[in-house]
Amino acid sequence: MRINRDYEQEIDLRDLFFDILYHWRSILVAALIGAILLGAYQYMSITNIHKEGKQTKEEKQYEIDMQNYSDSIESAKSNIKTYTKLIKEKSDYLKESVYMSLDSQNEWLASKRYYIKVDQSVLDALPDSVQEDPADYVAAVYISTLKSGLDSEEMEALLGTGKKEYIDELVGIWADNAANTISVQVIGEDRDLVVEQLDYFIDRLMNVAGPMAQEVGAHTLVLMNEDILSRTDGNLSAQQDEINQQIIEWQEALKEQRETLNTLEDESEPAPPGMHIKRFAVIGFIFGAFLFAAIHAIRYITSDKLRYGGELAERYSIPLYGELTKSRARRRGKGVDKLIEKWEFKHAITDSEILYGGIAALMKERCASKRVLLTGTVSEQALVKLRDELGRRLGDACAVNARGDLLRNADAISEAKQADAVILVEEKYASRTADIERAAELLEISEANVNGYIVV
């Protein structure tokens, strides 16, 4: 036997796990206490807040969430209404506007331009201090009166629309005050049609607007030029594209708002906050269980008890004769403990007859015709039971004796020195490693022939 002074005790995570698992009763009790304490604390906290006429943070947040939810619903509905209205207005405009229905690549235009020749008598009557041109006032009368008082049914028949905003898109009149001219223009889809429409408005210019303009200042309209042509209207094409793009964007926005509204309605309004006693009880349950599991883990890690059979082979360079199965369950083979045992030992040999038989077989090979002493820090009662079991199987192969409590039994040291072979016996989860090391030192000092060890 050789004592390894540099050996450090290892931690078997699987063994640690089962050690914690076998303490499920205390862990469960701690979990229940944690659930009760935290649940009661939450109940008392909420009750005291309500007694003071105050709200909890969750209740305040609920009011905010509820308001936000209502605002989101109303905003979505309002946006749906707005986009629906915008889409309808633009769609109606495209449908009703004659100008928007024209072919921008083949648009007909008819126009006439007139020079306003103010009578000399009007000019002579102006004071010398007056700088304004009377032609400007005359032009203003023509512009303001040409399209006023139009009959909607007559316009419907002539232009295809009786609405003023659509008429203004087709018929235009403007003045060039610097040149003292006024121009009248009509846009349409057909040459003959625009000529007819222009003639109508020139007639109004002369016979309806003209008399009013003459009252402002006597004058004569002199035709300067007349145009009838087909053209490409880039402005019309740009407007058509812009409106169609706007409609597409609004339709997409409308779809998003409807989806938002559906999502909000599917989610339903925020749930009012409760006291959350169950939630806190669950948290307390988990915390209590975790706390006691951690305590048992710390106890296991800091303990210097023998944990697995191979430990002594590494510490003292002696062979293991055998390791008996030992359960840490409080009620072995019953209830929950039985399930844990099955889990822990599902791949291990647990039949004591087989284990004792294996130990006896090794002893016959290594200790034949020798006087063998079973000793260790365990009690003599445990060693006597082991001696009887092995003696029954060994027969006359070797003589087996037992001396327990090696550290306090002087006779055990003496007999160990006299024995032909000494087998160290220690108890798993009971024998302290410090005691085992002291026992090994005593056996080494007494020059005992330590042949191996057994873990019970």
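Student: How far is the sulfur of C367 from the closest cysteine sulfur, and in which residue is that sulfur?
Tutor: In this predicted model, the closest cysteine sulfur to that of C367 is in C398, at 6.0 Å, which is too far for a bond.

Student: What cut-off applies to a disulfide here?
Tutor: The two cysteine sulfur atoms must be within 2.5 Å. The sulfur of C398 has its closest cysteine sulfur in C367, at 6.0 Å, so this pair is too far apart for a bond.

Student: How many disulfides does the structure hold?
Tutor: The structure holds zero disulfides.

Student: Is C367 buried or exposed? And C398, buried or exposed?
Tutor: C367 is buried, with a relative accessible area of 0%. C398 is also buried, and its relative accessible area is 7%.

Student: Turning to the sheet, in what order do the strands stand?
Tutor: The order is β2-β3-β1-β4, in an open sheet of four strands with antiparallel pairing. β2 (171–176) and β4 (219–231) each have a single partner strand, so they stand at the edges and one side of each is left without a neighbour in the sheet. From one strand to the next, the twist averages 15 degrees.

Student: Over how many bridges do β2 and β3 pair?
Tutor: β2 pairs with β3 (residues 181–188) over six bridges, in the antiparallel sense.

Student: Where is V171 placed, and is V171 buried or exposed?
Tutor: V171 lies in strand β2. V171 is buried, with a relative accessible area of 1%.

Student: Which residues does V171 touch, leaving out those up to four places away in sequence?
Tutor: With those residues left out, V171 touches K147, L159, Q185, V186 and F201.

Student: How far apart are V171 and G210?
Tutor: They are 39 residues apart in sequence, and their C-alpha to C-alpha separation is 18 Å.

Student: Now the helices. At what angle do the axes of α1 and α12 cross?
Tutor: The axes of α1 (residues 13–21) and α12 (residues 335–344) cross at roughly 175 degrees and come within 11 Å. That angle makes α1 roughly antiparallel to α12.

Student: Which residues meet between α1 and α12?
Tutor: From α1, the residues are R14, D15, F17, F18 and L21; these meet I340, W343 and E344 in α12. By class, this contact has five nonpolar and three charged residues, with no polar ones.

Note on methods:
Residues are numbered from 1 along each chain as its sequence is written. This is a predicted model: local features need pLDDT of at least 70, side-chain atom pairs count only at pLDDT 80 or more; totals for chains, interfaces and linings use all residues. Side-chain values use heavy atoms; hydrogens and water are left out. Two strands pair if DSSP finds at least two bridges between them. Helices (H or I, at least four residues) and strands (E, at least two) are DSSP runs, numbered from the N terminus. Axes are lines fitted to C-alpha atoms, for helices over the stretch in contact, and angles run from 0 to 180 degrees between N-to-C directions. Buried means under 20% relative accessible area, exposed over 50%, partly exposed in between (1.4 Å probe, protein chains only). Angles under 35 degrees count as roughly parallel, over 145 as roughly antiparallel, 65 to 115 as roughly perpendicular and the rest as oblique. Contact means heavy atoms within 4.5 Å. Ala, Val, Leu, Ile, Met, Phe, Trp, Tyr, Cys and Pro count as nonpolar, Asp, Glu, Lys and Arg as charged, and the others, Gly among them, as polar.
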